[in-house]
Amino acid sequence: MVAEPGPEAVSQFVERFAGVLANSGVPTMSARVMGAMLVSPTGTMTAAELAEALKISQPAVSGAVRQLLQVSFISRERLPGSRKDHYRIREDVFAAILERRNQALGEWESISRSGAALFGHDSPVGTRLTEAADFFAFIHTDLEQMIKNWRAEHSQ
């Protein structure tokens, strides 16, 4: 059995995790909030708990939480007897993140194909854009299927 990590180790993990998310496009403060919520023993945290855990201001938490709510990565709930909002990471948050990225791949494919048509499919620019569109379509299709497979296997 692994010993419970200390607060410093937890904090370092959250910051490293947030750094990885931030490097892949998640805004830094939202990534830090996600990291803190991910390692929360109860799976929920209030804004005050997030501010304390991350040593950040309430307004910083508010902005990050608002953004995460808008993209449905977290939910807001009231626990029985509590007057505070509690935030919970969506159960399939990582599939949801990749799903949003996959939507972007579809948009990249579409704009690349329109550029290829604009410049002419046989021109050097058109050829590059067609190759890009084909790549985006290939990845988009595979990622879409992987997400479906994941959800089918982990639907319990």
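**View 1. Helix H2 lies across the strands S1, S2 and S3.** The model is predicted. H2 runs at about 90 degrees to S3. Residues 28-38 make up this helix.

**View 2. Three strands form an open, antiparallel sheet.** The strand order is S1-S3-S2. S1 (44-46) and S2 are the edge strands, and each pairs on one side only. Neighbouring strands are turned by 35 degrees against each other on average, with direction ignored.

**View 3. S2 and S3 are joined by five bridges.** The two strands run antiparallel. S2 spans residues 74-78, and S3 spans residues 85-89. Ile74 stands opposite Ile89 in S3.

**View 4. The largest nonpolar core holds 26 residues.** Val33, Met34, Met37, Leu50, Val65, Phe73 and Ile74 touch the most other members. At least two residues each come from H1 (7-23), H2, H3 (47-54), H4 (58-70), S3 and H5 (93-119). H2 gives the most, with five residues. In soluble globular proteins, nonpolar side chains tend to be buried together.

**View 5. Met37 in its surroundings.** Which residues does Met37 touch, leaving out those up to four places away in sequence? They are Met45, Leu50, Ile74, Tyr87, Arg88 and Ile89. Met37, Leu50 and Ile74 are also among the core residues that touch the most other members.

**View 6. Another core, of five residues, lies apart from the largest one.** Its members include Ala95, Leu105, Phe136 and Leu143.

View 7. After H4 comes Ser72, with a positive phi near 60 degrees.

**View 8. H4 has a buried side and a face turned away from it.** Val61, Ala64, Val65 and Leu68 are buried. These residues lie on the same side of H4 because they cover an arc of only 100 degrees around the axis. An α-helix has 3.6 residues a turn, so residues three or four places apart point the same way. The face turned away from the buried side carries the exposed residues Pro59 and Gln70.

**View 9. Packing partners of H4.** What do the buried residues of H4 pack against? They pack against the helices H2 and H3 and the strands S2 and S3. Val65, one of these buried residues, is also among the members of the largest core with the most contacts to other members.

How values were computed
Residues are numbered from 1 along each chain as its sequence is written. This is a predicted model: local features need pLDDT of at least 70, side-chain atom pairs count only at pLDDT 80 or more; totals for chains, interfaces and linings use all residues. Side-chain values use heavy atoms; hydrogens and water are left out. A nonpolar core is a set of buried Ala, Val, Leu, Ile, Met, Phe, Trp, Tyr and Cys residues joined through side-chain atoms within 4.5 Å. Buried means under 20% relative accessible area, exposed over 50%, partly exposed in between (1.4 Å probe, protein chains only). Helices (H or I, at least four residues) and strands (E, at least two) are DSSP runs, numbered from the N terminus. Contact means heavy atoms within 4.5 Å. The arc is that of the directions from the helix axis to the C-beta atoms. Two strands pair if DSSP finds at least two bridges between them. Axes are lines fitted to C-alpha atoms, for helices over the stretch in contact, and angles run from 0 to 180 degrees between N-to-C directions.
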